[in-house]
Amino acid sequence: MSLGAFALVLLALATLSYVAARARARAFKVDSHHHVHSRPSYHGLRAGLTALVPAGLLILAWGIVGDGVVAEQTLSQLPEASRPAPGLDKQAFLNEVRGVVSGELPAAFRPAANEAVPIYRSTQQSWTLLIGGLAVLLALIGGGYAWLRTAPDVRARTQVEMFATVVLALASLIAILTTLGIVLSLLYESLEFFSRVNPLEFIFGTQWSPQTAIRADQVGSSGAFGAVPLFWGTIFIGAIIAMLVAIPLGLMAAIYLTQYARSSTRKILKPLLEILAGVPTVVYGYFAALTVAPAVRDLAISVGIESASSESALAAGSVMGIMIIPFISSMADDALSSVPGAMRDGSFALGATSSETIKRVLVPAALPGIVGGVLLAISRAIGETMIVVMAAGQAANLTANPLESVTTVTAQIVQLLTGDQEFDSAKTLSAFALGLVLFIVTLMLNIYALTVVKRYREAYE
Amino acid sequence: MSQSGTRKLDWQSKEMQARVRRRYVRERRFRRVGLGAVIIAASFLAFLLFTITSNGIGGFRRAELALDLNYDPAILGIQASDSSEEAAATAVSRADFRPLLASAAQAQLGDSSLVSEGAWLAVRDQVVEDPSLIGTTQRVWVVGAPNMDILAKGQVDFDLAPDRRGVSTATVAAYRTLREEGRIRLAFNSGFLTQADSTNSELAGIWGALIGSILTMAITLGISFPLGVMTAVYLEEYAPKNKLTDIIEVSINNLAAVPSIIFGLLGLAVFLNTFGMQRSAPVVGGLTLALMTLPVIVISSRVALKSVPPSIRDAALGIGASRLQVILHHLIPVALPGILTGTIIGLSRALGETAPLLLIGMRAFVSDVPEGVTEPATVLPVQIFLWSDEVGRGFVEKTSAAIMVLLTVLLSMNAVAIYLRNKFERRW
């Protein structure tokens with residue numbers, strides 16, 4: 001019997017408890033002398049939940065840790081000689097064994113794995129029976145107890161409500177857990193990395209060539225993990241070139257749409273901008289690599305710059321800028337529309353034209369909001385991955401020439417983690433250090449930008 | 001307003017008239033710049049869609065060649081003794097159709113390399129389906145090699161010197177003969193929509209990636225939707241004002257702005273390395289994207305719940321409903337359109353996401369359609385990324401065609417979201 005079958009039995013038991021307790025509650029005498037606290041379905045729910053929850057948790061917990069326990073036990077029963085080495089070898093070994101056990105593989109390649117199959121199967125079988133049996137027992141006890149205790153004065157509704165509240169509160173903890181998971185996993189791997197590479201060298205070094213550092217003992221002396229070119233590339237593409245494209249276009253688009261366009265025009269143009277925001281980044285990346293980058297190179301060559309590369313910061317940055325336009329435009333839209341109408345009307349009343357009002361009154365008044373929006377846009381641009389992976393190249397150049405190929409933090413993370421490599425090498429770990437830097441920078445930008453935007457909104461409220 | 005300070009302004013004077021004119025010119029210029037910005041953005045979109053479509057439309061068609069195939073059991077290596085139906089079926093599915101095709105192509109077309117290397121697969125499937133074909137001779141349209149494809153689609157530039165065209169003169173001559181004989185045609189590329197990835201561009205399809213995407217999205221939706229709605233309900237209806245609640249809110253707002261690649265690192269470190277889950281599996285991809293989508297759903301659900309007028313809540317509580325009943329019977333039904341709109345938008349973002357999935361290994365070459373959430377799979381955007389790296393000429397149009405499919409799916413999801421919002425949005 002598999003764990004799934006036990007889960008079905010549990011569901012059946014829970015339903016049974018629900019029906020039985022509800023039936024019992026329905027039979028309560030209700031008159032002026034006998035007060036019933038809860039309606040029958042609440043008694044049913046209470047019994048069903050008592051049957052289901054503890055047993056379900058048990059099965060769930062086993063589902064998570066079970067494979068590991070069974071694997072360890074199987075390995076410990078194997079003769080010393082046929083045990084796999086810890087690490088990747090063990091993983092591959094276990095994958096083979098599990099493949100055979102589940103019937104996906106006809107037979108394992110290693111003789112030792114074939115030897116382990118019957119042991120694994122029987123260990124798994126006995127554990128499943130034990131855990132499943134325990135779960136059913138728990139469900140029977142829980143359901144039975146709740147059924148026996150079904151009485152008119154039991155506050156079933158309050159208990160069910162309490163349970164729901166706890167479940168909701170637990171669900172909301174997932175967000176904290178995710179944040180913690182991100183911070184801890186990045187920190188842990190980064191510390192591992194910094195124990196091999198000097199953090200100062202990582203932050204201030206100007207040489208980035210992780211590919212040369214194959215052996216761990218070379219890393220410290222090779223100085224190949226200086227991330228400055230990556231930081232510069234990220235800023236150059238995301239915060240300079242992309243913003244040079246996105247800020248004027250996004251801001252002017254927002255001004256036109258909110259101040260000038262008739263509402264019928266706006267109804268057509270605004271969704272167009274929204275489509276621009278909905279196009280997946282891989283599509284932009286492909287477009288940048290296939291169309292924009294060659295065009296940029298041809299253009300550069302035609303004006304006499306022979307060294308133009310086919311992967312350039314300009315191509316990646318400008319396409320990224322286009323991608324950011326809708327974002328800037330909607331932030332500017334929000335900022336402009338929260339300027340009090342009285343300021344605008346006052347300016348008009350003095351005889352200013354629309355453009356004078358916008359340039360001298362609205363934009364200065366909305367400036368904090370717009371700046372906040374731009375900061376958020378920068379944080380989004382430097383975290384953007386696919387465009388730079390596909391169009392900016394992999395060469396870690398420290399250059400201010402937009403026609404040259406540069407690389408960014410995100411592009412390097414992808415590059416470092418998608419080859420075939422040992423997980424524990426400094427090269428792989430450096431990706432986590434880069435991720436940590438990226439996380440911290442975007443977090444700071446976001447927090448700062450949100451405070452600016454919030455303070456600005458409050459100023460006019 | 002003829003008086004300004006002590007000096008009297010003559011608005012009718014030439015000087016003032018010119019000044020007003022200048023101001024109006026500036027006004028018009030500013031307005032045109034604004035319109036220009038919108039037009040630049042819109043024309044970029046149009047240009048992008050046009051480029052992708054004109055590149056990709058060819059991906060939905062492929063060159064097919066007519067071959068008269070003699071399904072001779074001797075060539076196929078099928079013994080007549082395989083009399084039982086089952087044995088015959090296995091014999092056919094194990095038979096080698098390559099020599100059959102190669103010899104037919106050699107004899108009828110003059111060159112066996114004009115036929116795709118994988119054309120025999122479709123022929124075999126046909127025979128497996130209908131074993132009575134064995135022993136007969138049939139005219140079959142088989143998939144052509146990539147050079148036939150580009151010739152049939154007119155993608156060869158005959159202005160170039162013969163050695164720079166990418167196709168040999170002999171192949172061009174062969175193609176012209178075939179066209180005169182009517183043995184070549186451009187047909188709908190059914191394989192593109194029904195097959196998985198392949199190293200041969202003419203055989204590569206997106207069905208495998210599409211199924212991978214669907215499986216991944218199922219996991220993402222199944223986790224992030226209930227969790228997201230529950231979190232939103234808790235924060236809006238239950239949460240006391242305390243430190244913990246503040247931390248939850250800050251976490252959610254920050255998670256919404258964390259770059260997607262960070263979620264990939266999280267998935268790699270936690271799901272793969274700590275929990276030891278299967279690399280490349282949709283279940284890991286789905287979990288990772290669920291964490292990314294969760295804040296989007298929470299934030300939009302909170303907005304939707306907030307916009308439910310308090311009178312509904314008060315009325316329900318007033319007639320004795322419990323908190324849970326108020327939520328389940330009144331708040332959520334009223335807020336559902338808003339919640340669903342946010343969910344669809346979050347999901348469409350997850351569907352177009354590539355970077356985190358690259359990190360958890362969903363870039364593996366998968367030539368089978370995945371059958372479960374724990375099998376190696378790839379998703380549509382990753383497939384696009386993988387094809388964009390391929391050097392083969394046929395992959396350019398395959399990539400664009402796959403983008404067309406992805407954009408169609410995404411745009412229709414967004415259209416549904418907008419429709420929902422407009423249809424069910426209530427102003428109170």
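## A strand with two partners

Let's start in chain B: B:Leu65 has B:Ile184 as its bridge partner in E5(B). In E4(B), the bridge partner of B:Leu65 is B:Val142. Before going on, please keep in mind that this is a predicted model.

These pairings belong to an open sheet of 3 strands in chain B, with the order E4-E3-E5 and antiparallel pairing. Strand E4 (137–143) and strand E5 (184–188) are the edge strands, each pairing on one side only. On average, neighbouring strands of this sheet are turned by 40° against each other, direction ignored.

How many bridges join E3(B) to E4(B)? There are 7, and the two strands run antiparallel. Strand E3 (residues 61–70) pairs with E5(B) over 5 bridges, again in the antiparallel sense. B:Arg61 stands opposite B:Phe188 on the E5(B) side. E3(B) is also mostly covered, with 7 of its 10 residues buried.

Side chains of opposite charge can pair when their charged atoms come close. Because B:Glu64 lies in strand E3 and B:Arg185 in strand E5 of chain B, the pair ties together parts that are 121 residues apart in sequence.

Are the two partners buried or partly exposed? B:Glu64 counts as buried because its relative accessibility is 6%, while B:Arg185, at 35%, counts as partly exposed. Elsewhere in chain B, salt bridges that share partners join B:Glu236, B:Glu249, B:Arg302 and B:Lys306 into one network.

## Salt bridges in chain A

A search of the whole structure finds 14 salt bridges over all chains. Among them is the pair A:Glu192 and A:Arg196, whose side chains meet at 3.8 Å, N to O. A:Glu192 is partly exposed, with a relative accessible area of 28%, and A:Arg196 is partly exposed with a value of 28%.

The side chains of A:Arg297 and A:Asp298 also meet in a salt bridge, at 3.5 Å from N to O. A:Arg297 has 26% relative accessibility, so it counts as partly exposed. A:Asp298 is likewise partly exposed, at 43%.

The domain assignment of chain A gives domain 1 (3–154) and domain 2 (220–459). Their C-alpha centres lie 50 Å apart.

Chain A also has a nonpolar surface patch of about 420 Å², made by A:Leu57, A:Leu60, A:Ile64 and A:Val65. A:Leu60 is found in helix H2 (residues 40–77). Why does A:Leu60 count as exposed? Its relative accessibility is 55%, and exposed means over 50%.

B:Gly212 is found in helix H9 (residues 207–238) of chain B. At 0% relative accessibility, B:Gly212 counts as buried. The C-alpha atoms of B:Gly212 and B:Glu237 are separated by 37 Å, with the two residues 25 apart along the chain.

B:Ser280 is found in the loop between helix H11 (260–274) and helix H12 (282–306) of chain B. Most residues other than glycine have a negative phi. B:Ser280, although not a glycine, has a positive phi of about 65°. B:Ser280 is buried, with a relative accessible area of 8%.

Note on methods. Residues are numbered from 1 along each chain as its sequence is written. Chains are lettered from A and ligands numbered from 1 in the order in which they are written. This is a predicted model: local features need pLDDT of at least 70, side-chain atom pairs count only at pLDDT 80 or more; totals for chains, interfaces and linings use all residues. Side-chain values use heavy atoms; hydrogens and water are left out. Patches are made of residues with over 30% relative accessible area and no salt bridge: like charges are joined within 9 Å, nonpolar side chains (Val, Leu, Ile, Met, Phe, Trp, Tyr) within 5 Å. Accessible areas come from the Shrake-Rupley method with a 1.4 Å probe; for residues, only the protein chains shown count as cover. A salt bridge is a side-chain nitrogen of Lys or Arg within 4 Å of a carboxyl oxygen of Asp or Glu. Helices (H or I, at least four residues) and strands (E, at least two) are DSSP runs, numbered from the N terminus. Buried means under 20% relative accessible area, exposed over 50%, partly exposed in between (1.4 Å probe, protein chains only). Domain bounds come from an automatic or database domain assignment. Two strands pair if DSSP finds at least two bridges between them. Axes are lines fitted to C-alpha atoms, for helices over the stretch in contact, and angles run from 0 to 180 degrees between N-to-C directions.
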